Amino acid sequence: MGKFNRRNFLKVVGLGTAAQAMPKMMFAGEVPKDKPKSKVTSEKKCTNISFQRSIPVRHEVDVFIAGGGPSGVAAAVAAARQGAKVFLAEGQSYFGGMGTAGLVPSFSKFSDGINFLAGGVGWQVYERCRDTGVFGPDYNPNRKYRWDSNSFRAEGLKRVYDNLVVESGAAFTFQTRLVAVEVEDGYVRYAICHAKSGLFAVKAHIYIDCTGDGDLAAWAGAKFEKGDEQGNVQAGTLCSIWSGVDWKRARSAGQYGKWPLGQSANLEQAIEDGVFTVKDPHLPGMWMCGRTFGGGNIGHAFGVDGTNERSITASLLRERKKLLEYERYYKEYNPGFENIELAATGALLGIRETRRITGDYVMTVDDYKRRASFPDEIGRYNNEVDIHSSSADPKEQEKVKRIFATLRYKEGESYGIPYRALIPRGLANVLVAGRCISTDRYVQGSIRVMPGCFITGQAAGAAAAVAAAKQTSTRGVDVKRLQQRLKDMGAFLPNA
Ligand SMILES: Cc1cc2nc3c(=O)[nH]c(=O)nc-3n(C[C@H](O)[C@H](O)[C@H](O)COP(=O)(O)OP(=O)(O)OC[C@H]3O[C@@H](n4cnc5c(N)ncnc54)[C@H](O)[C@@H]3O)c2cc1C
């Protein structure tokens, strides 16, 4: 950890000025869909203030990472294992992001059915979940696709991530949020964080944005796209844990015997019977995360802007209420769920889509269709394009259903991910990883899932370590050297 003395105090001059400018950058042309009316969230016409503080530079490191979800964990572990000095700031009380704080109940594909695509840190997460009983009771080591679509216990996954990061030697603190960045000529000079002890700064050679939303890169001035041409984003979901599920009965009723165990019965009937205030025909369902409890990926939060706390607040209030309708639906329409109780909802609203940071290369649906390969490939992935509709409108629901059914691969197929998709245009020492890398909506609909985030996080961490060791920028990284390091770590790079 960086020494804390008089000299390494940073005078944050005009943090307020930056704060004034930031919302313009963040929200240019964006009108939050949820205009909350409650007192808690009411919006007044703002006046601006100038904000100035002298704050300690608490860490001087090679690599700073904002966010400790799947991509942040992989980045921290990869960078630290390459000998880099790392500091990671995570806003929640544990690692895992959407998979823990958001209670997302299952991992998507780690493999293409033949090759383990998320090799390296992704493999270690898989292996440790398997060996420490973190996967749900329906995990079957003899199943052909045993690597893919496994449900898990979020509490166990937290410990898997804790151990991986601690063993790597990366420094980190929880309940620590990145709140601003200081930028000069395309270089981020300091990350400003806020935690229980107050504000502090981190100085690093490379800054990796693993916030899921591209906060760091966007605040540093990177361009981004968000949603479709009209700015509509995929619906979010407030995921949940339900106790008292009788899985045996559910299985024998025929609805849950089939794999995967996410489907839900008699939904159309329940919609017709008026159980729901929003007629949403798409219900991912309930996963067998424990012997008696289920992980619910239930209900859609339409119109939520995950980069706007007012929109998030309104959506959380609404979704918590809507889950009572789903409780009735499960109890009355689904055998085996008669006695369920809602045990918990996510600390984070599940957000599927916000910013896609514009990088040196933007991956497109054509790359997906042609199973692209790139000279600067840092990994390959293959998930189907899973875009959740931004509204309950039947036409849009049909469209995304068609995409989901057609944009998918056969066994052994995958697309390459170029290093350039991790480098935000116009910034010299910033990398992005995870859900917000440089893609169009289609590729984001595939790569956003957790195993995809392990791949890009690991690559960003390794690249940052190489750049720091050579004292060069992100574009100065010798790609061949990076690919060799990634291969040594276990990455799947058949073309490198
Ligand atoms: C409802 C839902 C269902 C899903 N289903 C699946 C599935 O079945 N299988 C699958 O594999 N994936 C699934 N996903 C996708 C997957 O969970 C996420 O896309 C993935 O976790 C993204 O990883 P990430 O590291 O980019 O970001 P996140 O997981 O979002 O993690 C970001 C982390 O950064 C932290 N953070 C954010 N901003 C700051 C800040 N300013 N300062 C400090 N920390 C910050 C957050 O607290 C969080 O821990 C689902 C997602 C949702 C929402």
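I counted secondary structure first: the protein chain has 13 helices and 16 strands. The model is predicted, with local features needing pLDDT of at least 70, side-chain atom pairs pLDDT 80 or more, and totals for chains, interfaces and linings using all residues. Residue numbers start from 1 along each chain as its sequence is written.

I looked up burial next. Of the 496 residues in the protein chain, 52% are buried (20 or more other C-beta atoms, placed from the backbone, within 10 Å of a residue's own).

I then looked at the ligand. Around the ligand there are 40 residues, and Gly67, Gly69, Gly97, Gly212 and Gly434 come nearest (near is a C-beta atom, placed from the backbone, within 6 Å). Two or more residues of this shell come from each of α2 (70-81), β5 (177-184) and α12 (450-470). I sorted the shell into 15 nonpolar, 19 polar and six charged residues (Ala, Val, Leu, Ile, Met, Phe, Trp, Tyr, Cys and Pro are nonpolar, Asp, Glu, Lys and Arg charged, the others, Gly among them, polar).

I went on to α3 (residues 121-131) and α12, whose axes come within 8 Å and cross at roughly 135° (lines fitted to C-alpha atoms over the stretch in contact, angles from 0 to 180 degrees between N-to-C directions). Val121, Gly122 and Val125 of α3 meet Pro451, Phe454, Ile455 and Gln458 of α12 (contact is C-beta atoms, placed from the backbone, within 7 Å).

How values were computed:
Helix = DSSP H or I, 4+ residues; strand = E, 2+ residues; numbered from the N terminus. Contact = placed C-beta atoms within 7 Å. Buried ≥ 20, exposed ≤ 12 C-beta atoms within 10 Å, placed from the backbone.
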